[in-house]
2 protein chains.
Amino acid sequence: MALIVQKYGGTSVGNPERIKNVARRVARASAAGDQIVVVVSAMSGETNRLIGLAKEIQATPDARELDVVVSTGEQVTIGLLCMALIEQGVKARSYTGAQVRILTDSSFTKARILKIDEDRMRKDLDEGHVIVVAGFQGVDDLGNITTLGRGGSDTTGVALAAALHADECQIYTDVDGVYTTDPRIVPEARKLDRITFEEMLEMASLGSKILQIRSVEFAGKYKVRLRVLSSFEEGGEGTLITFEEDIKMEQPIISGIAFNRDEAKLTVLGVPDRPGIAYQILGPIADANIDVDMIIQNVSHDGLTDFSFTVNRNEYDRTVKILEDVKTHAAAREIRGDRSMAKVSVVGVGMRSHVGIASKMFRTLAEEGINIQMISTSEIKISVAIDEKYLELAVRVLHKAFGLDQVGG
Amino acid sequence: MALIVQKYGGTSVGNPERIKNVARRVARASAAGDQIVVVVSAMSGETNRLIGLAKEIQATPDARELDVVVSTGEQVTIGLLCMALIEQGVKARSYTGAQVRILTDSSFTKARILKIDEDRMRKDLDEGHVIVVAGFQGVDDLGNITTLGRGGSDTTGVALAAALHADECQIYTDVDGVYTTDPRIVPEARKLDRITFEEMLEMASLGSKILQIRSVEFAGKYKVRLRVLSSFEEGGEGTLITFEEDIKMEQPIISGIAFNRDEAKLTVLGVPDRPGIAYQILGPIADANIDVDMIIQNVSHDGLTDFSFTVNRNEYDRTVKILEDVKTHAAAREIRGDRSMAKVSVVGVGMRSHVGIASKMFRTLAEEGINIQMISTSEIKISVAIDEKYLELAVRVLHKAFGLDQVGG
């Protein structure tokens, strides 16, 4: 008898019919003899509806009260799913985050899980109940309702799996697994049977938005076996997210091509190359809560250097405004910007032990006349910033060049 | 400094604009120096929407899970109202029933309040916070979410007022007080400045649906000063619901004319007049959870008697079906029914010390040719069942006959 945590996202529980479908899937797993804990999101559209109501009242809603309002979305789903299970003859019981209890810190709208009481759930499971838990929410030590921030239901699933020492945490979503790249761009993209946590982290943060990145970190930290599956297809094995030590020798060098479309590049030209200059430029950006992604500092000439970085395109205008101030203080010559950038990354743990990946990537892009504007690397990925108009072309040629369209390639 | 509990119903908080209006009213009361606890219902339509979702999944939704789903309605309102208060510069904090905590028994969908912890609220009030509590809901001693049943937000308001020894519990609704009768039927109907609890109970149970009856019982039991006010008009004093001992000498004999439209009458003819016959007839009706209202047993002739009673018109068909069985067992001659009945009542504590009220009522109806089919009396009311088509006429002539259209009449 295995203990399985299943997490279903908003699309999977988007209406009563879909909730009944999820119940059928859960009922089968339960009938097969496994103990099942289900984590659900709010029905699709519901969270946005609630935030919309809040914003009609307060342009920037009070964070504590916003969590009170928004957490009702998942609470509705747990009740409805339990009804569907009971209707199908399955013993089921719902829990809000506060009822479990999922103890978090008091950072309303972006709380972090501190501790999960497993006693009550364990008792219910041993009595043969399926447990349905509201994702995305918890409670602080004063009894205030908190939420984990967008996508936090994945984190709830992984955290429950860790607390209960579950055999597997299954994330049901609208795709049937992790692909070598986006099939909408490369029809030959293949579903991966396995991917390592490190690769998944790079894929997720680079724009393959299947799993919320914090949940992957969490799963890696607590050694939770994680699997991504489709909630709309039957019988698929999805993609298992494994630990590197489990990987067999024949693991391909490159696992996938990730990309991110909404990048913008900013360059500060001709700043004095002295200690602290990077902080002088990026400090005010960080203070404004703008995430900086790639960062490059040129070699200096005559004591002056150029400084480039990328931000999300939505933040472009705010960033330019901040840099206008910085320009004066840092005695920079000029600010330049480009809001139509994209980032393409080649990801794979295999590149640790293989040379020539970078050169192959650069040659492939050069052959198509795609200019590389920035480069950044980590142990298991190489990213380049390019003009957005070449994005699809770049993804396609790289996917082919690294043999990702061939099984075992 | 007074401590006031204010309760706002679903219409009063039906959309963001109305929630802001409620916030303005609360803010004024708070600025005047009073400590304020606000109880709110779900936004109008929301509870029905949630029940509708549940019924799409289960024809008879599981009671525990239905409470989980339905209780979100009030939870959304408390968060939104707190945002509106904070936006207006008022310190405010929301509480669900579980957070307060309002301890109830475990009768899901119709729980009864057992105990209210006032410590946390008291602390917040002393720190200058307005407290906004979700009506209609509580939590049992296992931590399960419960609801008090329809209209239960009034009960929450009164229970909080009792627990906090509030100076007054104000029920804001869409009418500006309790009237001598329904102004839609009698345009001359007057708003009463005061009414006793006993009269209010008779008025409420007889169809003047301003206050939920359980909340009035509760207020009477715990001596909570209750006031009904309009949430849409400013400056009104509403109707104060008082204890009989507070009533001044000049209190009118009759306070109002109550009525109920949806009655149905059933008569069991020719049953043997022996001990236990009433139970034999009404027992199966009660077992089927059908409320019986007026009951009349005729004087017997030749050892046989007739037995009549009224039920809500919705229950007519079920009741007839049950009586068909009863007919055989009780050896009755015949079952007769009439589904178009109405009940009209004259209510007033003054009738305790005045004779002639009944005869005046009967004469007034007789003068209009209205046939009285059943009569029942209590210490402070006389009710008659009549053909529904005469209802408006009966209410109008009785209202006039008892001088209710005249101030101090």
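This briefing describes how two protein chains are arranged, how they meet, and what some of their parts look like.

The structure is a predicted model, in which local features need pLDDT of at least 70, side-chain atom pairs count only at pLDDT 80 or more, and totals for chains, interfaces and linings use all residues. Residues are numbered from 1 along each chain as its sequence is written, while chains are lettered from A and ligands numbered from 1 in the order in which they are written.

**How the two chains are related**

- Two copies of a chain are related by a rotation about an axis and a shift along it.

**Where the chains touch**

- Chain B contributes 29 residues to the contact, and chain A contributes 29 residues.
- On the side of chain B that touches chain A, α1 (16-31), α2 (46-57), α3 (63-70) and α4 (72-87) of chain B each supply at least two residues (helices, H or I with at least four residues, and strands, E with at least two, are DSSP runs numbered from the N terminus).
- With 11 residues, α4(B) gives the most to this side.
- By class, the side of chain B that touches chain A holds 17 nonpolar, 7 polar and 5 charged residues (Ala, Val, Leu, Ile, Met, Phe, Trp, Tyr, Cys and Pro count as nonpolar, Asp, Glu, Lys and Arg as charged, and the others, Gly among them, as polar).

**The overall form of chain A**

- Chain A contains 13 helices and 18 strands.
- The radius of gyration of chain A is 23 Å, close to the 22 Å that the globule rule gives for 409 residues, so chain A is as compact as a globular protein of that length (the radius is taken over C-alpha atoms, and the rule is 2.2 Å times the number of residues to the power 0.38).
- The C-alpha trace of chain A spans about 75 × 55 × 35 Å along its principal axes.
- Of the 409 residues of chain A, 48% count as buried (20 or more other C-beta atoms within 10 Å of a residue's own make it buried, 12 or fewer exposed, and a number in between partly exposed, with C-beta atoms placed from the backbone).
- Among contacts in chain A with a separation of 6 or more, 75% are between residues 24 or more positions apart.
- Chain A is divided into domain 1 (3-174) and domain 2 (257-401), with bounds from an automatic or database domain assignment.
- The C-alpha centres of domain 1 and domain 2 of chain A lie 38 Å apart.

**Two helices of chain B**

- Helix α7 (residues 152-163) of chain B has 12 residues and should span 16 Å, which agrees with the 16 Å between its end C-alpha atoms (the expected span is 1.5 Å times one less than the number of residues).
- Because 11 of its 12 residues are buried, α7(B) is largely enclosed by the rest of the structure.
- Helix α11 (residues 316-329) of chain B has 14 residues and should span 20 Å, in agreement with the 20 Å between its end C-alpha atoms.
- The residues Tyr316(B), Thr319(B), Leu323(B) and Val326(B) are buried in α11(B).
- The cover over the buried residues of α11(B) includes β13 (256-272), α10 (277-287), β15 (304-312) and β16 (334-347) of chain B.

**Backbone features**

- Most residues other than glycine have a negative phi, and most peptide bonds are trans.
- The peptide bond from Val100(A) to Arg101(A) is cis, with omega near 0°, and Arg101(A) is in the loop between α5 (97-100) and β4 (102-104) of chain A.
- A cis peptide bond also joins Val100(B) and Arg101(B).
- Thr109(A) has a positive phi near 70° and is partly exposed, with 16 other C-beta atoms within 10 Å.
- Ala331(A) has a positive phi near 55° and lies in the loop between α11 (316-329) and β16 (334-347) of chain A.

Technical notes: Contact = placed C-beta atoms within 7 Å.
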